[in-house]
Amino acid sequence: MSWQPLAPLPWEEPLAFAARFSGRDLSFLYSALHERFSGDYSYLLVDPVEVVSGDGWDALPTLPAEDDGLPLWVGYLGYGLRECAARGTPSTIALPDFALIRYAHLFRFHHPSQTLEAFSHDGTACDIPAAAKPASGSTAVRRLGSNLSRRAYESIVSDSIARIHKGDFYQANITRKFFGDFATTPDSWRIFSALTSASPAPYSAYIRHGEAAILSSSPECFLSVDAAGTITTRPIKGSARRSADAVEDEKIQQQLQTSAKNHAENLMIVDLMRNDLARVSDTGSVHVTEQSALYSYATIHHLISTIQSQKRADISVYDVVRACFPAGSMTGAPKIAAMEWCAAQEKIERGVYSGAIGWFGGGQRCDLSVVIRTLIIEGSRFEFQVGGGIVADSTPAEEWRETITKARGILRALGLTEDDLAAI
């Protein structure tokens, strides 16, 4: 099942090369932005040969012991895999709780050296289509709605703050789902290209299978496990909008870096993730290597922490993911109490959102992002979701505004404005 290397190919920018295959089922894991822990590689996988999907952890595919350092199974783990909280109304686009796909052909792009390598399982080269012509056609949105209006969201935030003061939990990640229809069935690849342009991210991803496509521009690493068993997670908590005015943007950054509220949000989730990792790591190996560092993206500033540990030898990579799933940044803390509260307030299932996207490989490797800044398209329907961590000193109006800020990249890709979202 391991990959066989083929003759190297001339370098081509990953987005342009992947566009050659855009009419086919594929997975494209695109590092559109380089960061300290991500951005060296992008992967394109085409010609699916096996799909494993389902609604529980026991159905995940077996991973080989041999390690070639490459993705083998690519796909998503949806929020429905959480092991607590009652189910709500199915998501507007109801996909299986997880889907992992194995492909016949793999292309690996190494950005620093600008090298492009091809691999296959049987030594047969992939037929590479001619350069794609720019996509045309409409992406006009005909209808846009949400499970929570501004008034309803702010009311839930107020209730959450009251619950925090009562001691029921100390952070809850309340989210809003937006959904709608296009006037005609769109070219999802064209929208993905627009999304990566509007909001470049280290964990961009495009997964198209059948009628559904997942378009992600996530900046957040959920879990990475390397060949040596080093586990890395990089939770995001603490956000502020970008400004086109350089002086104002600098002021916003300083306010975020000195915000006690945002640092408290981040610290809570760091503690939660440390505890999750401790269950599957060597004793004493869990360390915070970066605390609430400022990272800036095209539409938003974030505070990001980095936690690393050493995987126990008797633990599989699936055990690691299951112990930490879903990412604490998407739940709140304590995790179970926060998830139960969020589910009761949101009422509609999150679907793929809040889960993980990425790959698993031989030798107990994985590289997974958190599903945020992500658009799901099926036929002429779409959905996306945004939210934020509510803590004791949150204010409802500011939390509502944060949901608009976090949707900026998706709105631009859809040809919508912040006012369109704010009107709901």
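Serine 31 is buried, with a relative accessible area of 9% (buried means under 20%, with a 1.4 Å probe and protein chains only). The model is predicted, so local features need pLDDT of at least 70 and side-chain atom pairs pLDDT 80 or more, while totals for chains, interfaces and linings use all residues. Residues are numbered from 1 along each chain as its sequence is written, and side-chain values use heavy atoms, without hydrogens or water.

This serine sits in the loop between strand 2 (26-30) and strand 3 (41-54) (strands are DSSP runs of E, at least two residues, and helices runs of H or I, at least four, numbered from the N terminus). The side chain of serine 31 reaches the backbone oxygen of tyrosine 41 at 2.7 Å. Beyond neighbours within four places in sequence, the contacts of serine 31 include His111, Ala201 and Pro202 (contact means heavy atoms within 4.5 Å).

Of its 34 lining residues, Phe37, Ser38, Tyr203, Ser224 and Asp367 are the closest to the centre. Strand 18 gives the largest share of this lining, four residues.

Technical notes
Buried means under 20% relative accessible area, exposed over 50%, partly exposed in between (1.4 Å probe, protein chains only). A polar contact is a pair of N or O atoms within 3.5 Å; within protein, one must be able to donate a hydrogen and the other to accept it, and residues adjacent in sequence count only if both atoms are side-chain atoms. On a 1 Å grid over the protein atoms alone, a cavity is a set of points where a 1.4 Å probe fits but cannot get out, and a pocket is an open set with protein on both sides within 12 Å along at least five of seven lines; lining residues have an atom within 4 Å of a point.
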